[in-house]
Amino acid sequence: MKNEIMGFQLFLRGAFYVGAMGLVACSQPHSKKSDVSLTSAGASWIATVELANPSNFARIDEPVYLSFYNLGISSRDDLVFIEDKRSLPTEVVDIDGDGEGDGILTVLNFASAQVRQVTVAAGGKKAEPSKRTQAEISIKQGGQWVPRKDGSGYRNYEGGQFVNVDAVRVPDYYTDHSNWIRYEGPGIESDLVGYRIYLDGRNGFDIFGKSIPEPVLQNVGLDGYESYHHPQPWGLDILKVGKSLGAGGFGYWDGKELVHVQKVAERSSRIVENGDLQSSFTIDYRGWQFDGKNVDVAAYFSMQAGSRLAKNQIRLSAELPNLAIGLVAHPNMEFIQGPQEIPGDAYTYIATWGPQSLDGQNLGMAVFFRKGDSKKIFNDGSSHIVLMNPAGSALTYYFAAAWEGELGKGVKTSEEFKQYLTQQTERLTRPLRQRITTRATSQARIAGITADTAQGWATKLADSELARKTLNYRYDGWDENRKRKPKFEYDIVGLLPHTYDELARVTGNSRYSDVKNIVTASYIEQDGKIRQYNKRDFNIDAVAPGRALLRVYQENPEPKYRSALQQLREQLRDQPKTSNGAFWHKHIYPGQLWLDGVYMGMPFLAEYASLFENEQEKAKTFEEIVREFYLTREILRDPKTGLYWHAWDEYKQQNWADTKTGLSPHLWARANGWLAMALVDTLDFLPAAHPGREVLLEMTVELAKALKNYQDPTATWWQIMDRPGEVGNYRESSASAMFTYFLVKAVNRGYLTVENYGGDVDQLVMRSYEGLIKEFVLVHSDGRISMVNQCHVAGLGYGRDGSYDYYLNEAIIANDPKGTVPFMLAGIEMHKFLLGKNHD
C-alpha cells in the first residue's frame, strides 16, 4: 500500500521518465528483419513465450507485452524479441505511467487461431526502427502574454515560435484559442489516427484523421488553428466537439448535468514516452472542484502501433462514483450499444456512426469499457454518456475513431464498423494466450521434486502472497482480486486462511497460523454477528469461511466464534433444496445445483458435525452430506467422459440450461476441481464405518480415472476439459492444482490405490505435480513467485450464459486464492507423499 501511495503521488507530480524508449520499431509486415541467432549475435536467453491467437479471425498488429518483473530480471534496455532467428521490433515501455520502464513490447500479426513462439534475449541485434507512434506538445516561446480585450482576465500569446517541450503547466490566465499551445493541447497518434486533448476548461477529446501512416503531429498547427480544419496532405481535424465530451472524454455527472474538468487549481501535461511502438503522455488535474468535492485526477494516455485505440488510465485521489465517459452526440447519427448481458470483466462499448466528420465523410467513434465498471448509459443532449463506478480510485477505458478517409482506405460502411467493434471488443476481452518459460524460473526448478522442494514451493507462494496482499483481506482492507472492499467471501476469508493454517501445521511457522486470526476473525463482532454476511441470501459460498472459523475457535474458543459458527450451521439447516434434496446454490438461483456449492458446504458441514453434534444429529447430517454427493453424481456426471457438468437447473428455465436435462453445456475444469476437493476433504470427517462413505470413495476412483483420460501431455488440464487445443481454450492452473491436490491426497489417505485405480497412481501423482510446477510457476525479479493462467471467476446466470465463448472470455489472472489455495495444498500433500516414499 505504501508503494501504491508513493506511486500515485509521483504520478500526480508528473515525475515521469522520458528516456530513450524507442529502442527498435516497425511491426510486421513493415519491419526490415535481420537474421540473428542467439549464438551468432552473442545474445543470452531470457525467456521463451508461446503465443496463441484465441480468435477465429486474424489479429493484425497485436501487442505482445512482457514485464521485466515476470521475466525475472531488473529493468534493462538491451532486450529483443526473436522469432525463427530473426529480430522483431522491441521497445521498452511504461505501462502504468509511473515514470519507469516496466517491460518490453512488440506487435505481431496473427492469422486466425495461429500459434507462434518467440524468444526474449539480452544483447541481441536489433531490428531497424520505423516510427509508428508519437506523443508531443508544443508551446510558443520568444513572445509575450497580452491581456484579452474582452475583460475576461484571460490572455493571448503574441509573437514567438512553437517549440516542442517535454512538459507544460498551464497558467491561470490561459484558455482556449490563446495562441500559446499548438493545436491547444498534447497530441498522440498511431499510424492510423491521431487525437488531441484540450488543455483548458473544455477538456474535450478531438480527432485528427490521417491519410498517411507517417507521424504528422509535428507539422500540425504551425500556422495557427484554422488550416488543420481543412484537408491537408496528411489529413485534417475531423470532429466538431463543441461542449460535449468529444471522442472519449470524461467528466462528472452531478445528477442533473455533466460537469467538465473545468474548475481546477492546476492543469499540466507531460510527455512520458515518444516511442516507435508506443507513445504516451499524462494530464494532471489538481484540485478539481465540483459538487462540493475537491479531487486530484491523473489521466495517462497511451497508443500503440497499428491501433486506433487510445488507452486512458485514470487515477483519482479519492473514490468518485458517477465519473462519466462518452462521445459527442451529433444529430441524426446511428447510436450503437455493445452487449450488456455479459460478465463484469468483459469489455463492451458505446459507439456512433455516420457522416459526422468535418469533411462530410463517415466517421465511427467508440468508447470501450469493462461492463462491471459501468452503471448506466444515457444521452444528455450533447453527449452519449456511460456512467461509471471506478473500482476504488482507478478506471481504465479506451476510445477509438475509424474515419472513412483513413489512409485513403478507411471503414466505409456501418457494417464494417460494427465488425470492427465486435472484433476489437474480443481482442480486449480475450488477450493472446501466453505460455512463458523464463531463465529465472528454469533455474529455480533445477532441484527437481523432493519432499523439501514441494513444501518449498508451497511456502514460497505463501510468503509471496503475504508480502503482496493476504492480510489485506481483513474486514477493513481491500480485495485486490475483485477490486473492492472485502466481503465475507469463501476464498479470501475462508479457504486462504484455512490453507495458511494447514501450512503452519507442517512448517511450525506461526506467521501462517496468524492469518486466520487477522483475516477471518476480523469479520466476527463481539456479539457473534458476522460482518458482510446475510443468512437470507442463502448463498452456500458464504458457508465456506466456516472452515477457517472452526480453526479460529479451536485455537481460541470464545463465545462469539461459536455463535458465528452456529449461524453458518443454521443457514445449511434452512437452505432451500431441490425437490430431490440437493442444496440450492443461492436463493437467487432457485432450483440450481452447482458443483462449486458441494465444496462450499459439505466439508464444513462434515467437520462441524464431527465437532459439535451429538450422535443422533451427526447421523442425520452425514446422511444429508452423502445424499448431496449421491445426487451430484446422479445428476451432473457425464457417463461418456466420467467428468461433471458445471450445474443443473431443476426448472430448466435458465438460458444456459438444456431444455430437456436442465444441465449446463460444458465440462468446466474448476467446477470439477471443486467437486474433487470436496470429496477428499469431506472424507476426512465422514466416519470409516458410515455406509455412505462408499459412495464418496467410488466417486473418487471414477473421477481419478476420468482425469487421467483428459490430462494434457503437459500433465495439466484445459479450461474446457473435453476440448483441448480448440481456439481460445487454454491450460488452466487453478483446476490443475485442484486435481493434483485431489489425486495426491487420495493416494496419501489410501482412497486411491493401484488396485482400485488399475494403474501406477504414484506416477500419476508425480507427473501431475511436476506439470503444475513446470507450467504455471513464474519466478520474479524480486525472488517472489506467482501462479499464472488462472481463470479469475466463472459462474452461470446474470450475463453468464455458460457457452464455450463465455468460459474463454473470463479474465485470466495470477495469484487468485482459487488457485493459490489448491497449489499450496498440493505442495503440502506432495511433501507428505514424498516423505512417505523416503521412509518406505
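W253 stands opposite L258 in β18. What you're looking at is a predicted model, where local features need pLDDT of at least 70, side-chain atom pairs count only at pLDDT 80 or more, and totals for chains, interfaces and linings use all residues. Residues are numbered from 1 along each chain as its sequence is written, and side-chain values use heavy atoms, with hydrogens and water left out.

Back to that strand. β18 pairs with β17 (residues 247–253) in the antiparallel sense over 2 bridges; to pair, two strands need at least two bridges found by DSSP. Strands are DSSP runs of E with at least two residues, helices are runs of H or I with at least four, and both are numbered from the N terminus. Zoom out and you'll find an open sheet of 5 strands, paired antiparallel in the order β18-β17-β23-β28-β27. β18 (258–259) and β27 (374–379) sit at the edges with a single partner strand each, so one side of each has no neighbour in the sheet.

Now for a helix. Q424 lies in α3 (residues 414–429). Why does Q424 count as buried? Because its relative accessibility is 8%, and buried means under 20% relative accessible area (1.4 Å probe, protein chains only). Leaving aside residues up to four places away in sequence, Q424 touches L309 and F368, where contact means heavy atoms within 4.5 Å.

Finally, a helix pair. Helix α12 (residues 669–683) packs against helix α14 (residues 733–748) at an angle of about 25°, with their axes 8 Å apart. Axes are lines fitted to C-alpha atoms, for helices over the stretch in contact, and angles run from 0 to 180 degrees between N-to-C directions.

Methods: Buried < 20%, exposed > 50% of the residue type's maximum accessible area, 1.4 Å probe, protein only.
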